[in-house]
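Reader: I have a model with a ligand in it. How do I read what surrounds the ligand, and how do I read its rings?

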Amino acid sequence: MLLRPTLHRGLPNANGNAPSQQSRAGVLNCELGMSKPFDIELERLTGQASYSEAFPGVDAGQRGTFFLETFGCQMNDHDSEKVAGLLLSRGYKQAETPEAASLILYNTCSIREKAAQKVFSQLGEYRERQTEGKVIGVLGCMAQQEGEDLFKRAPWVSLVCGSASYSKLPEMLAQLESGNQRVTGLDTDTDETFETEVTRRDNPWRAYLTIIEGCDKACSYCVVPFTRGPERSRASDSILREVRQLAELGYSEVQLLGQTVNSYADPTARKTRFSELLLAVADVEGIRRVRFTTSHPSDFTPDIVEAIGRELKICDHVHLPVQSGSTRVLRAMQRTYSREEYLEKIAMIRSAKRPIAITTDIIVGFPGERESEFEETLSLLDEVQYDSMFSFKYSPRPNTPSLSMSDSISEEEKGRRLAILQDKQREIQAAKNAKLVGERFEVLVSGKSRRENQWTGYTTSHRMINFASQESELLGTYVQVRVTGATPNGLVGEHVT
Ligand code: 5AD
Ligand code: SF4
């Protein structure tokens with residue numbers, strides 16, 4: 001799973017991403033404060049010369065203007081890109097501020113209690129807007145989790161729509177326009193995937209592409225199976241068609257998304273395996289990097305490792321959440337593997353033809369987690385030597401089996417365990433990063449710092465690197481960078497030609 005809470009307001013900002021709030025130890029995903037916002041022209045996204053050619057018969061803004069705010073994981077970011085595309089194609093115009101919009105949409109996350117609290121405090125801020133005649137809508141996981149109760153908790157909201165119902169959004173908006181006070185889209189019993197004619201992309205070089213929606217695993221702490229519904233895979237030919245379009249539009253990196261991306265099961269007669277799909281995407285002319293996240297250990301099979309070993313365009317990075325190093329806790333979490341089985345997967349990845357960076361997610365303080373079991377998680381970090389980690393205090397969530405488990409761990413104790421875990425990971429990362437000094441990496445340049453001659457980008461293994469270059473324009477290009485320094489949280493380097 002892949003949920004890093006980030007908050008995006010309105011149009012995307014630099015890097016196509018808001019700076020991530022991340023666990024202290026995480027190396028990946030942290031961004032420099034960038035200066036220039038990207039506003040990718042619709043013409044560029046559609047390959048058409050003008051709005052009217054992209055959407056014949058539709059007047060831009062005839063239906064009103066929308067402001068879309070996103071909180072949550074990459075899946076949410078990408079859902080918002082698709083929702084924006086859908087609205088643009090139906091005559092809505094995107095606004096940069098809530099003040100300038102007639103419709104305010106808030107795409108939400110409910111993975112942990114803090115994320116859910118954030119949603120309500122933000123909704124509080126939108127309260128006054130409704131009195132200004134604006135329509136307020138809640139999308140995503142909180143919408144699905146709270147359902148119609150959201151209208152009680154925030155009566156100024158008039159639209160509540162979960163991710164499995166996004167394709168119905170235009171109809172729902174039409175109902176509001178025709179006088180309905182409140183509309184909901186809350187079905188999850190669908191076999192549909194959310195596909196759009198146009199996606200309003202937030203990043204000019206890297207494109208997200210959801211290949212599998214929902215989740216059929218039933219981890220006892222997790223709201224996702226409830227909020228996003230059952231697993232639905234997108235047809236392989238439709239995925240490849242979109243990748244070809246993206247390459248034609250100038251995208252060179254695609255990131256395949258899914259809560260359990262490697263559980264992909266092609267619904268067409270082709271029955272393309274996940275590893276075959278990776279290879280086919282890499283084979284599309286113009287594509288230089290293929291990423292995928294998040295992988296589930298139980299479905300991580302040797303053919304995926306073989307594909308990464310064989311095809312250099314498939315990025316040498318696997319995000320493989322372990323959640324705990326204790327088999328007893330993993331069983332209580334219903335994670336479908338033991339510590340030993342997980343370590344076998346790690347050994348398989350380590351035996352690939354080329355080195356592969358491995359990152360993980362860990363939860364501390366699951367109900368009943370004993371001190372000795374937490375220590376097993378610490379020893380797992382020693383054993384695996386992750387390149388980065390996202391770590392969380394267990395947060396009880398509605399509609400999850402672990403909600404009713406007894407033996408809860410105090411917040412204070414969870415905090416103590418989290419700090420110990422993160423200190424250990426910081427040491428591991430400091431040592432691993434220090435070893436990279438002197439190495440050269442290919443970097444896709446994705447940001448320019450406010451500081452002169454300073455740039456930032458990602459290696460194929462998804463290490464962020466800040467580097468110096470005298471060039472005046474590097475954004476979106478691939479350059480060679482030599483690592484000159486390292487901290488636990490990142491690399492610094494210099495552009496080499
Ligand atoms: N409490 C704490 N962390 C959670 N995660 C998912 N559900 C919870 C929860 N209830 C974490 C898992 C997952 C990551 C994205 O969020 O580690 O992999
Ligand atoms: Fe990931 Fe498990 Fe949640 Fe599915 S149920 S999204 S596998 S943590």
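Author: We take the ligand and then the aromatic rings. Keep in mind that this is a predicted model.

Reader: Which residues are closest to ligand 1?

Author: Start with the shell. Here 13 residues surround ligand 1, and the closest are Arg112, Tyr221, Gln323, Asp361 and Ser395. By type, the shell divides into seven nonpolar, two polar and four charged residues. Strands S14 (357-364) and S15 (388-393) each supply at least two of the shell residues.

Reader: What lies 2.6 Å from an oxygen atom of ligand 1?

Author: Look for N and O atoms. That one is an N or O atom in the side chain of Gln323. The side chain of Asp361 has an N or O atom 2.7 Å from a ligand oxygen. A polar backbone atom of Tyr221 is 3.0 Å from a nitrogen atom of ligand 1. The protein covers 100% of the 400 Å² of accessible area that ligand 1 has on its own.

Reader: How many aromatic pairs does the whole structure have?

Author: The search finds six.

Reader: Why is the pair of Tyr221 and Phe366 called edge-to-face?

Author: Check the angle between the planes. Over 60 degrees counts as edge-to-face. The planes of Tyr221 and Phe366 are at 85°, with ring centres 6.5 Å apart, so this pair is edge-to-face. The two residues are 145 residues apart in the chain. With Tyr394, they form one aromatic cluster.

Reader: Are Tyr221 and Phe366 buried or exposed?

Author: Under 20% relative accessible area means buried. Tyr221 has 10%, so Tyr221 is buried. Phe366 has 0%, so Phe366 is buried.

Methods:
Residues are numbered from 1 along each chain as its sequence is written. Chains are lettered from A and ligands numbered from 1 in the order in which they are written. This is a predicted model: local features need pLDDT of at least 70, side-chain atom pairs count only at pLDDT 80 or more; totals for chains, interfaces and linings use all residues. Side-chain values use heavy atoms; hydrogens and water are left out. A residue is near a molecule or strand if one of its heavy atoms lies within 4 Å of it. A polar contact is a pair of N or O atoms within 3.5 Å; within protein, one must be able to donate a hydrogen and the other to accept it, and residues adjacent in sequence count only if both atoms are side-chain atoms. Accessible areas come from the Shrake-Rupley method with a 1.4 Å probe; for residues, only the protein chains shown count as cover. Helices (H or I, at least four residues) and strands (E, at least two) are DSSP runs, numbered from the N terminus. Ala, Val, Leu, Ile, Met, Phe, Trp, Tyr, Cys and Pro count as nonpolar, Asp, Glu, Lys and Arg as charged, and the others, Gly among them, as polar. Rings of Phe, Tyr and Trp (its six-membered ring) pair if their centres lie within 6.5 Å; planes under 30 degrees apart count as stacked, over 60 as edge-to-face and the rest as tilted. Buried means under 20% relative accessible area, exposed over 50%, partly exposed in between (1.4 Å probe, protein chains only).
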